[in-house]
Amino acid sequence: MDLNQYVIGVDYGTDSVRSVLVDASNGQELASAVHEYQRWKKGLYCKPAANQFRQHPLDYIEGLEQTIKECIKLAGGDKIAAQVKGISVDTTGSSPVAVDEAGTPLALLPGFESNPNAMFVLWKDHTSTKEAAEINEHATKFDINYLQYVGGIYSSEWFWAKLLHILRVDEQVRSACHSWVEHCDWVPFLLTGGSNAAEIKRSRCAAGHKALWAEEFGGLPPDDFFSSLDPLLAGFTGRLFKDTYTSDVAAGTISQEWAERLGLPADVKIGVGAFDAHMGAVGGQIEPYHLSKVMGTSTCDILVAPANEIEGNLVKGICGQVNGSVIPGMVGLEAGQSAFGDTYAWFKNLLSWPLNNLLDQTKLITREVADALKAEMLDKIIPELSKQAAALPIDEVNELAIDWFNGRRTPDANQLLSGAITGLGLGSDAPRVFRALVEATCFGAKSIVDRFIREGIPVKGIIGIGGVAKKSEFVMQTMADVLGMPIRIHQHKHTCALGAAMFAAVVAGVYETVEQAMDAMGGGFDVSYEPNQANHEVYNQRYQQYRALGDFIATQVSAKHEVVAGETLQ
């Protein structure tokens with residue numbers, strides 16, 4: 001291999017985008033840069049109370065340009081830039097957007113600049129729960145089970161439910177929408193200078209896990225599946241795609257415009273995109289039957305298995321299983337939790353209410369001191385809660401929580417479900433409640449592991465990656481104790497971006513296979529959490545309480561929505 005070949009991995013997260021510039025020979029990170037989405041940071045176009053979360057494409061474009069240019073500058077400038085061979089991108093998902101015939105997101109066109117329905121519908125947007133329920137009911141009318149590769153349940157977080165909702169609620173967008181494109185497909189299309197939506201190379205990862213694409217169907221379900229659900233969907237399959245591509249394939253070569261904007265050579269290869277957790281699993285050196293947990297605001301859990309070993313075994317209640325969605329030649333199975341770090345962030349925001357709403361009214365200190373005090377306190381809340389919670393005894397009668405603060409993704413997707421905290425008393429202080437929330441997220445992780453095992457897919461180990469895995473010893477030790485399994489933490493801080501860089505190295509021809517790139521660029525693991533057997537035994541009892549409480553909540557929510565539906569029909 002030629003020396004001095006560099007690649008760039010771009011990781012679009014929920015709050016920011018990060019780029020890393022990596023030496024393709026060994027995975028060494030030369031530079032990284034992060035850009036927070038400025039419109040998102042201001043809360044624009046979002047209505048949390050209505051579960052509406054939208055992101056403007058300009059946030060993505062600005063972040064792409066600024067982070068890559070900053071990486072090049074930090075790494076050494078033009079001399080380094082001249083040796084960049086490839087770029088690959090991962091994003092959150094399903095985060096689709098309405099585009100015109102040229103493939104331009106409608107929010108970039110006159111008249112749509114401030115219309116949330118013309119923007120990317122973020123993964124955590126749950127405005128389409130009604131549409132998802134209709135898809136699930138509608139699928140039972142067909143001889144072919146079109147939901148068989150997404151665990152049998154379609155989610156409001158996914159491609160078709162979001163498209164149908166947007167078409168129903170916004171006539172202006174409906175009239176202008178030619179096609180519907182995932183974020184991970186649009187960015188490579190942008191970088192290659194695409195001008196025809198029909199030519200977008202669609203990611204196997206996104207299409208299989210969220211858009212119901214399957215090799216066995218010959219592509220997407222037929223038009224009549226969708227048009228008989230709602231005439232608004234008629235003809236969409238013909239304007240979408242039939243073929244999909246694994247992420248070791250090039251989407252094309254960088255356009256002249258973007259080569260000049262970024263200061264890169266004109267022959268840089270751009271890879272087909274994928275979702276963050278799938279590329280993150282590669283960056284975290286995933287192994288067959290080892291569950292890779294990308295732990296951030298939510299979790300996305302990825303497991304890979306040789307196709308011939310699980311042929312015919314369809315796992316119920318997970319997010320999907322798709323051949324080649326992670327590593328070509330293997331089946332990728334996806335699960336996850338809709339709220340993980342978001343659960344802790346919610347509790348932090350709850351405790352921070354006085355700081356956010358009263359401190360700036362004080363006359364005792366200056367505004368500058370008040371702002372500094374607020375920043376210091378906010379930084380200390382979670383670390384101190386973790387320290388205090390870790391010192392508490394583990395007992396079966398402690399406060400108990402359910403982690404469905406943004407609905408339940410896996411097992412058995414249901415975004416109408418909500419979180420809960422029980423067993424509260426006058427002695428329930430912040431550390432005790434925080435511990436209950438952490439335990440709940442770990443119990444949610446155990447329910448996923450149990451589902452895989454019960455469905456005949458062994459889980460031989462856990463690989464932890466992402467912000468929570470790297471930052472919180474308390475959460476990781478609690479999870480190891482709950483699962484009764486060791487958890488290895490990958491040494492790389494920006495694992496999703498590293499995974500994207502590995503794919504970029506394959507796309508650029510530095511390596512022939514993803515496995516070769518992982519071996520050369522991985523770096524291994526630096527921390528392992530071993531389970532405490534005594535704690536594990538107590539948590540087994542606590543887990544049964546968690547399941548019983550969860551069943552009760554699910555029953556109550558189901559009954560509530562049946563009543564609401566009945567009243568609507570009347």
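Predicted model: local features only at pLDDT ≥ 70, side-chain atom pairs only at ≥ 80, totals over all residues.
Strands of a sheet pair through backbone hydrogen bonds, in either the parallel or the antiparallel sense. Strand 13 (residues 299–306) and strand 15 (residues 330–337) are an antiparallel pair, joined over eight bridges. Within this pairing, Ala305 has Val331 of strand 15 as its bridge partner.

## Salt bridges

A search of the whole structure gives 25 salt bridges. One of them joins the side chains of Glu131 and Arg168, at 3.3 Å from N to O. Glu131 belongs to helix 4 (residues 129–139) and Arg168 to helix 5 (residues 159–169), so this pair ties together parts that are 37 residues apart in sequence. Glu131 is buried, at 5% relative accessibility, whereas Arg168 is partly exposed, with a relative accessible area of 27%.

Other salt bridges lie within a single helix. In helix 11 (residues 256–262), Glu257 and Arg261 are four residues apart, a separation of about one helical turn. Their side chains meet in a salt bridge of 3.2 Å, N to O. Both residues are partly exposed: the relative accessible area is 47% for Glu257 and 28% for Arg261. An α-helix has 3.6 residues a turn, so residues three or four places apart point the same way.

Helix 15 holds a further pair, Arg367 and Asp371, again four residues apart, or about one turn of the helix. The closest N and O atoms of this salt bridge are 3.4 Å apart. Asp371 counts as partly exposed, at 40% relative accessibility. Elsewhere, salt bridges with shared partners join Lys130, Glu131, Glu134, Arg168 and Asp230 into one network.

## A nonpolar surface patch

Leu364, Ile365, Val369, Leu373 and Met377 make a nonpolar surface patch of about 430 Å². Among them, Leu364 lies in the loop between helix 14 (353–357) and helix 15 (367–390). Leu364 has a relative accessible area of 78% and is therefore exposed, the cut-off being over 50%.

## An enclosed helix

Helix 18 (residues 473–483) is largely enclosed by the rest of the structure, because nine of its 11 residues are buried. The buried residues are Phe474, Val475, Met476, Thr478, Met479, Ala480, Asp481, Val482 and Leu483. Gly484 follows helix 18 and has a positive phi, near 70°.

Glu182 is located in strand 8 (residues 179–182). With a relative accessible area of 2%, Glu182 is buried. Beyond its neighbours within four places in sequence, Glu182 is in contact with Gly93, Ser94, Ser95, Pro96, Phe159, Arg202, Ala206, Lys210 and Phe275. For Ser94, the C-alpha to C-alpha distance from Glu182 is 6.7 Å, although the two residues are 88 residues apart in sequence.

Ala31 is located in strand 3 (residues 29–36). Its relative accessible area is 6%, and Ala31 is buried. Leaving aside neighbours within four places in sequence, Ala31 is in contact with Ser19, Val20, Leu21, Cys71, Leu74 and Ala75. Gly76 is 45 residues from Ala31 in sequence, and the two are 9.3 Å apart in space, C-alpha to C-alpha.

Note on methods. Residues numbered from 1 in each chain as written. Heavy atoms only, no water. Pairing = 2+ DSSP bridges. Helix = DSSP H or I, 4+ residues; strand = E, 2+ residues; numbered from the N terminus. Patch = residues over 30% accessible without salt bridge, like charges linked within 9 Å, V, L, I, M, F, W, Y side chains within 5 Å. Areas by Shrake-Rupley, 256 points an atom, 1.4 Å probe, with all protein chains shown as cover. Salt bridge = Lys/Arg side-chain N within 4 Å of Asp/Glu carboxyl O. Buried < 20%, exposed > 50% of the residue type's maximum accessible area, 1.4 Å probe, protein only. Contact = heavy atoms within 4.5 Å.
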